[in-house]
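Subject: A structure for you to look through

Dear colleague,

I am passing on the structure below, together with an account of what I found when I went through it. Please keep it open beside this message, so that you can look up each residue while you read.

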Amino acid sequence: MNIKYLFSALALLSGSTFATLTDLVSSPYPTPYVIAKSELSSPIILEGSQEHNYLKVSLTGGKQDTNKRTPINLALVIDRSTSMAGDRIEKAREAAILAINMLKDDDIISIIAYDDDAHVVIPATKANNKQKLINTINEKITPQGWTALFAGVSKGIKEVNKFHKKEQVNRIILLSDGQANVGPSSTKELADLGIVAAKQGIAVTTIGLGASYNEDLMTALASYSDGNHAFVEKSADLEAAFVREFKDVMSVVAQEVTITIHLQDGAKPVRLLGRDGDIKGNDVTVKMNQLYSNQEKYVLLEVIPPKGKENEKKPLADVTISYDNLQTNKKDNQENRIDIAYSKSEQAVKQAIQEEIVVDSAIQKANLDNEKAIKLLDEGKKEEANKIIQQNAITLDALSGSVSSPTAKGKASVSAIENKKLSDDLDTKSEAVSRKNMKESTYQTQKQQSKN
Amino acid sequence: MKSKKFLYLFMVVTVLIVGLIGYFGYRTLSQESTLNEYQTQQLAKTRVAQTQDFILQQLRQKQIRLNTILTYLKLDPLSLNTLIAQDSDIEALFVLEHNKLVFPNAYKPLNQKESLFIQLIAPIIQDPTILIAKQHQSDDKRPDSGWYVMQEQQQPVLIYWHNINDRTIGFKLSYVKLLSDIVSSIDFNYEPDSLVISDNGQVLYQSLTGAYDKAKQPTYNQALPFPLHAWKIDYYASSSSNYSLYYFTLGLLAIVILAVGVIALSLYREFNRATRLASQQVSFVSQVSHELKTPLTNITLYAEMLKEMEQEEDSQNIHYLEVIISESRRLSRLIQNVLTFTKLPQINLQPLDISQLLSQIQTIFTPVFEVKGIHLSMSVEEHLSTHSDIDRITQVISNLLSNAEKYAAEGKKVQLSASQDDENIYIRVRDYGKGLSDKELKHIFQPFYRVKSEITEGVTGTGIGLTIARQLAQSLSGTLTAENCNSGLAFTLCIPRT
């Protein structure tokens, strides 16, 4: 274990610095594998104005060569505590079997079941003897004991690491229906565990089943590695969630994505909307663990632009994007430069507005409000929470009416409908369920996780 | 009465045996369990030590790894930031140069994480010597690397520091990574025993089995050494092995006790059967004897009548009749003796003048003695009187005199005397016959015992006369004893004065 860490550490120390430098110079592929766009919501602003602007770096995975899917190294971590007894464990078994059937012979699978302690039911192995794996699942995934979630995920990391390669999708799918009650079980500890996994290039997807798991903990665990999170209220829907997850897992086109935004002097970063990142002076770094084919992920940075005069054009930011291209197994780099222009004419300013970015930022802001609503809900202020969500629905609905671009319109109205639904759920469903709905929604919005 | 006494005796003996078996069983069990406990304790110790070694080994590996990284590490901010971003063991790191913080550089813009880290390590920046002070008490050699432990939001912060020239580099180890590595690699199977590793009471890892009981104290526990001194390993031995021993021994004891019980019961029943049989025989004899009494009375009566008639006619046959009458009376006495032995009549206590009673008895016996040429002398103290059963005393004295007449006639002399002290009255019958050996003297009061010698030859008897006499004496709270004198025997009846 030592040696392996050592080598990877050495590789990264000596290699990464060179890699970034050399690849900066030339990108060997004419059509970029990842389509990256860097834009401002208001590329032209009024002279002398310093109104907050939104810088969006959007990344969309290119179309995948279906014949050459990236190999998968998957660990399924399944809760088999007594609370899973009955329908749930049955559906979990079915989901695990579904997962195995979706894998190719060369893919690697391991299955960990946890109760009082975590047990490696299937150690990391090639998925070429599916029937044997399925028999083991049916035999071993039976409910018993408590919920040693930490140990379960830890063993998942260990199993994935046995065959860890940079050029494959390394992923843990955690399925749980309960509170972690054995071993470290605070949200912070599980979030840290998520970081440990992410640093090793492993994404953790968490699927919460039923209304009694801890959604804060499950989202925290997934968050750092950009893993997906899903709330499955009824065990019958578990299979659908797995299919969705697998669609993502199988369509990973890039990993270890780093977006660096360097703001020019005069411009100031305010905050990141949505995903977390690292703001250090005028440098902003955001990491994404992976990009999926045909799925947009973005970074939204709220900035204060420098003042300027009419017809002046100033460089605002340099954007560098680097990622591991899974098609070529090389590190790709892209550079973008964003300028900002100044005008006297309000008309020109208005015409230049990128409606889609406006909508995206509105959605992310609404999302931040929804996070506040969750806090209010925790304080028992259900009415106030609902008011916030309703207000979001109204704002987004109004926005969809005011913009003209069809994409922007669509995005706003979908989000408005979603907020409306959250608000309705809060009225009709139990607090545990609606909180989980909200958490799932805010998480997915924050991470631009595909929702269908 | 008698059978009940035996029942008690039996019960006492049985309980005693059972008690003994139980006691030894208990002793064996407690010894065995002490031994067992000791072995369990030793096993627990070994296993806790094994677990501790494993944990410390994990920590040591991290230390070695960090040392190796240090030898290759370029100390420019880019390399350091890349290391922090990509190494899952390292959460943060700092570099002190000449005891001044150079990384993270506080004079350049910091991100939130870096600011928090600088706040956290502020005490170290102020006084880097605390790194050493915490670890080493002995001053013989200043260490150039080691662990330093701090606390942050209830989570321990492990810092591994290393001095190279004028630089001190400190790594903030990812505590969760350490936990994760330990939890995922720990692979000891101590079934059916349980193991719990905890940090300040918070459970980090547990391997529990069905035998684990939360309320129970751990069989053995141990705190880890620095820097994981807040960690504790608890080992819970399953008590099942102990239980099985207990159950086994208890079962064995129960079986033994049951067996003893069964044996005692069957012995008791066998004994009871024998007693019942004997009492049935006695009862049969008593009935038969009773039936014999009536015809015998008639025979005696008619013989006497015939004798009177023959006396008038002065016939020669009178001698024969006297023999018939005498033998009938003797038979009658024998039967009376048998009946008395089998069934004691009610005691009838009344005031009694001993001297008067003895005179009467002497009068009755004198003719019979004279026929055999024996002289019956009497010496009685004045005013001997008590409360007693006159019939029983009469019978005892008669029995003794009758024996003297039968077996000690050649002594030609029998003494009947009575005396008293403060408590008792002593009535003594002394003959001057041949006497008995001491060995025989022991047995003469036993029922159906007859001395085999020329003394008894030609003399009929049932062998229960003395037994009855002694029983009668005992029924009057007295005693009957026999002793050898210079020549002949002396029987003493002792009865209380009141």
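B:Ile427 is buried, with a relative accessible area of 0%, where buried means under 20% relative accessible area, exposed means over 50% and partly exposed lies in between (1.4 Å probe, protein chains only). This residue belongs to strand 14 (residues 424–431) of chain B; helices (H or I, at least four residues) and strands (E, at least two) are DSSP runs, numbered from the N terminus. Contact means heavy atoms within 4.5 Å, and, leaving aside neighbours within four places in sequence, the residues in contact with B:Ile427 include B:Ile354, B:Leu358, B:Ile393, B:Leu416 and B:Phe491. B:Ile495 is 68 residues from B:Ile427 in sequence, yet their C-alpha atoms are 8.4 Å apart in space.

Before going further, please note that this is a predicted model, in which local features need pLDDT of at least 70 and side-chain atom pairs count only at pLDDT 80 or more, while totals for chains, interfaces and linings use all residues. Residues are numbered from 1 along each chain as its sequence is written, chains are lettered from A and ligands numbered from 1 in the order in which they are written, and side-chain values use heavy atoms, with hydrogens and water left out.

The model scores ipTM 0.79 and pTM 0.68. For chain B the average pLDDT, which is the predictor's confidence in each residue from 0 to 100, is 83, and 92% of the residues score at least 70. Where pLDDT is low, the predicted coordinates should not be read in detail.

The two chains can be described in turn. Chain A has 12 helices and 16 strands, and 55% of its 452 residues count as buried. Chain B likewise comes to 12 helices and 16 strands, with buried residues making up 41% of its 498 residues. Among contacts between residues at least 6 apart in sequence, those joining residues at least 24 apart make up 77% in chain A and 64% in chain B. Chain A exposes about 18,400 Å², of which carbon and sulfur atoms supply 52%, and chain B exposes about 28,500 Å², of which they supply 56%; accessible areas come from the Shrake-Rupley method with a 1.4 Å probe, and for residues only the protein chains shown count as cover.

Next come the charged pairs. In one of them B:Asp89 pairs with B:Lys177, the closest N and O atoms being 3.5 Å apart. B:Asp89 lies in the loop between helix 2 (77–86) and strand 1 (90–97) of chain B and B:Lys177 lies in helix 6 (residues 175–185), so this pair ties together parts that are 88 residues apart in sequence. Both B:Asp89 and B:Lys177 are buried.

In another salt bridge, B:Glu304 and B:Arg329 have their closest N and O atoms 2.2 Å apart. Because B:Glu304 lies in helix 7 (residues 240–313) of chain B and B:Arg329 in helix 8 (residues 318–342), the pair ties together parts that are 25 residues apart in sequence. B:Glu304 is partly exposed, with a relative accessible area of 26%, and B:Arg329 is also partly exposed, at 44%.

Lastly, there is an annotation to compare with the model. The unreviewed UniProt entry gives "transmembrane region" for residues 7–26 and 245–268 of chain B; UniProt positions are given in the numbering used here, feature names are shortened, and annotations may be inferred rather than shown by experiment. In the model, residues 7–26 are 100% helix and 0% strand, with the end C-alpha atoms 28 Å apart, and residues 245–268 are also 100% helix and 0% strand, with the end C-alpha atoms 34 Å apart.

Terms used. Salt bridge = Lys/Arg side-chain N within 4 Å of Asp/Glu carboxyl O.
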